[in-house]
Amino acid sequence: MEDEIVSVFPIHYSDILSPNVHVHQFPLLSRPLQIPPSAAASGKRIHARIRAVARKLEIHVPADTRPEIWNQDKSKQFGVARLEDDREKNQDGSSTKQRDGEEPRLNDVRLQSEQIPQQGVYMLGVIHDDRLHLVPVSETHQFRPTLTYLDLTSRKSGRSKGGAGTDSDSDDYPPDPDEPVPVVVAPKKEKKSVEGKEVQMSARKLVEDRNNNIQGGMSAIRREMLLAMRAVEEEPWQAIEYCDGGMEESNQVFQSILSDSEERLECKTSIATLLKSIRGL
């Protein structure tokens with residue numbers, strides 16, 4: 001039995017907002033991204049900032065600081081740790097400004113984005129007035145909470161206990177597996193004189209072959225990764241305005257998605273070309 005056609009919609013395509021249409025995914029299940037009522041009552045707002053070159057976005061959502069669900073002592077401890085972490089990573093431009101003499105506190109949750117490669121072309125579809133309006137999506141980002149200040153707290157606790165993490169050089173990055181292990185020199189002992197032997201050795205350079213199989217190039221890859229990470233951290237943040245779904249600015253952008261153009265689009269791609277372009281078929 002074939003599925004019954006319920007309705008047919010004309011399709012309207014518009015790229016007027018391209019390339020500024022992104023898909024942002026948050027770990028919030030089905031509820032929207034909004035501030036708690038207690039934070040909204042005190043006049044707090046959601047702030048956002050961007051690193052345009054690195055394509056990194058960060059959203060600061062005020063936390064629910066009611067005494068019955070919020071630990072004020074931990075808030076002070078983590079606030080100091082995050083302030084130090086911000087200074088280490090060139091993130092002094094925080095959204096929460098601190099008054100003179102005020103003790104730093106953790107009063108918001110930071111969500112930082114990671115750009116996800118798109119497989120094919122993504123479209124945003126809106127059904128309005130019995131019409132399907134399509135807009136191309138240029139980027140997809142997944143947001144996760146940033147908890148790097150916990151690493152700083154762990155390092156401090158490790159130093160105070162005299163355990164692992166006392167070496168400041170080992171706190172920044174993991175050790176390189178290709179770097180030679182330091183040789184522990186044993187105390188010299190008197191040895192009997194032995195006859196010397198001639199030994200022949202040869203050295204060869206490990207390079208990348210034609211199939212891009214890296215032979216002993218982990219150190220070079222690690223350096224490139226560290227340079228890329230450092231470049232991201234050194235890029236300054238630029239503040240941007242966050243508009244909630246109920247704001248007038250958001251409504252204006254939504255209305256621009258709806259196209260009234262009656263110009264017919266002609267498809268110049270054949271069915272065979274379309275099927276060949278699909279991976280896995």
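Predicted model: local features only at pLDDT ≥ 70, side-chain atom pairs only at ≥ 80, totals over all residues.
Which helix does R82 lie in?

First, the protein chain as a whole. The secondary structure consists of seven helices and nine strands. The chain has 281 residues, and 23% of them are buried. Its exposed surface comes to about 22300 Å², with carbon and sulfur atoms supplying 53% of that area. Now the contacts. If we take those between residues at least 6 apart in sequence, 76% of them join residues at least 24 apart.

Back to the opening question. R82 lies in helix α2, which covers residues 72-88. Is R82 buried or exposed? The cut-off for buried is under 20% relative accessible area. R82 has 7% relative accessibility, so this residue counts as buried. What is R82 in contact with, once its neighbours within four places in sequence are left aside? The list is L106, N107, D108, R110 and Y149.

Next, a pair of strands. Strand β6 runs over residues 122-128 and strand β7 over residues 131-137. The two pair in the antiparallel sense, and seven bridges link them.

The hairpin of β6 and β7 has two residues between the strands. There, D129 takes a positive phi near 55°.

To recap the two places on the chain: R82 is a buried residue in helix α2, and β6 and β7 form an antiparallel pair.

Methods: Residues numbered from 1 in each chain as written. Heavy atoms only, no water. Helix = DSSP H or I, 4+ residues; strand = E, 2+ residues; numbered from the N terminus. Buried < 20%, exposed > 50% of the residue type's maximum accessible area, 1.4 Å probe, protein only. Contact = heavy atoms within 4.5 Å. Areas by Shrake-Rupley, 256 points an atom, 1.4 Å probe, with all protein chains shown as cover. Pairing = 2+ DSSP bridges.
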